[in-house]
Amino acid sequence: GIVFSKDGYIVTNDHIYSQVPNAKFKIYTHDGDEYDAKFVAGDAISDLAVLKIDDCELTPATFGDSEDSYIGQRVVAIGRPNDATDTSSITNGIISATKRRVSNASSYSSLLIQTDTPINPGSSGGALVNMYGQIIGVTSSKLASVEHEGVGYAIPTKTLKRVISELITEG
């Protein structure tokens with residue numbers, strides 16, 4: 001996930017818990033701290049969800065404008081592909097398309113950022129970051145087959161900012 005605000009809101013993907021009955025959430029920070037988090041709200045259409053950590057002050061991520069992204073732009077993806085308690089990993093690549101229409105598992109489609117940056121299982125909900133250190137997307141999926149290689153997707157910050165604000169205020 002990504003720290004959205006200093007008062008403890010965390011952005012992640014909605015699909016990470018949808019198959020887990022009575023899901024419980026833990027947040028592990030890069031410096032080794034561990035927090036219990038509660039589920040605030042999720043949205044299957046955008047594949048975004050919000051978690052909340054109480055009684056802590058976190059440093060929020062810096063969000064860039066995904067509308068400024070361009071084909072060929074260098075990016076990195078940050079995630080935890082093995083286990084939530086393992087250290088984060090960083091992979092790099094470029095943006096292959098900025099507004100690729102992609103259908104998700106819920107049969108909805110969205111305009112996503114396409115990247116050749118490796119997005120591994122377990123990295124869902126991680127950050128797609130430009131070379132200025134700004135988050136421009138939330139990694140969400142990849143095409144995995146013999147016919148496809150290096151096709152990953154991220155939810156753009158344009159969508160993220162609108163949906164997350166609504167999930168926080170409206171549930």
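**Largest pocket**

I looked up the lining of the largest pocket and found 36 residues, with Gly1, Ile2, Ile27, Tyr28 and Arg80 nearest its centre. I am reading a predicted model, in which local features need pLDDT of at least 70, side-chain atom pairs count only at pLDDT 80 or more, and totals for chains, interfaces and linings use all residues. Residues are numbered from 1 along each chain as its sequence is written, and side-chain values use heavy atoms, with hydrogens and water left out.

I noted the terms. On a 1 Å grid over the protein atoms alone, a pocket is an open set of points with protein on both sides within 12 Å along at least five of seven lines, whereas a cavity is a set where a 1.4 Å probe fits but cannot get out; lining residues have an atom within 4 Å of a point. Points are joined across faces, edges and corners, and the volume is the space filled by probe spheres set on them.

The largest pocket holds about 1,200 Å³ of space. I checked which strands line it: β1 (2-3), β2 (9-13), β3 (25-28), β6 (74-79) and β9 (127-130) each give at least two residues. β3 gives the largest share, four residues. By class I get 17 nonpolar, 13 polar and six charged residues. Here Ala, Val, Leu, Ile, Met, Phe, Trp, Tyr, Cys and Pro are nonpolar, Asp, Glu, Lys and Arg charged, and the others, Gly among them, polar.

**Ile27**

Is Ile27 buried or exposed? Ile27 is buried, because its relative accessible area is 13%, and buried means under 20%, exposed over 50%, partly exposed in between (1.4 Å probe, protein chains only). Beyond four places in sequence, Ile27 touches Ile10, Asp33, Glu34, Tyr35, Ala37, Leu51 and Ile53; contact means heavy atoms within 4.5 Å. Leu51 lies 24 residues from Ile27 in sequence, with 9.2 Å between their C-alpha atoms.

**Cores**

I turned to the nonpolar cores (buried Ala, Val, Leu, Ile, Met, Phe, Trp, Tyr and Cys residues joined through side-chain atoms within 4.5 Å). The largest has 21 residues, and Leu48, Val138, Leu160 and Ile164 touch the most other members. At least two residues of this core come from each of β2, β5 (48-52), β9, β10 (135-142), β11 (152-156) and α1 (157-170). α1 supplies the largest share, four residues. Apart from neighbours within four places in sequence, Leu160 contacts Phe4, Val11, Leu48, Phe63, Val138 and Ser165. A second, separate core has ten residues, including Phe25, Ala37, Ala49 and Ile53.

**Cavity**

How many cavities of 30 Å³ or more does the whole structure have? My search gave one. The largest cavity holds about 50 Å³. Its lining is Ala77, Ile78, Gly79, Ser89, Thr91, Pro118, Ile119, Asn120, Ser123 and Thr139. I count four nonpolar, six polar and no charged residues there. β6 and β7 (89-103) each supply at least two of the lining residues, and β6 has the largest share with three.

**Whole chain**

I listed one helix and eleven strands, using DSSP runs numbered from the N terminus (helices H or I, at least four residues; strands E, at least two). The order from the N terminus is β-β-β-β-β-β-β-β-β-β-β-α. Of 171 residues, 42% count as buried. Among contacts with a separation of 6 or more, 56% join residues 24 or more positions apart.
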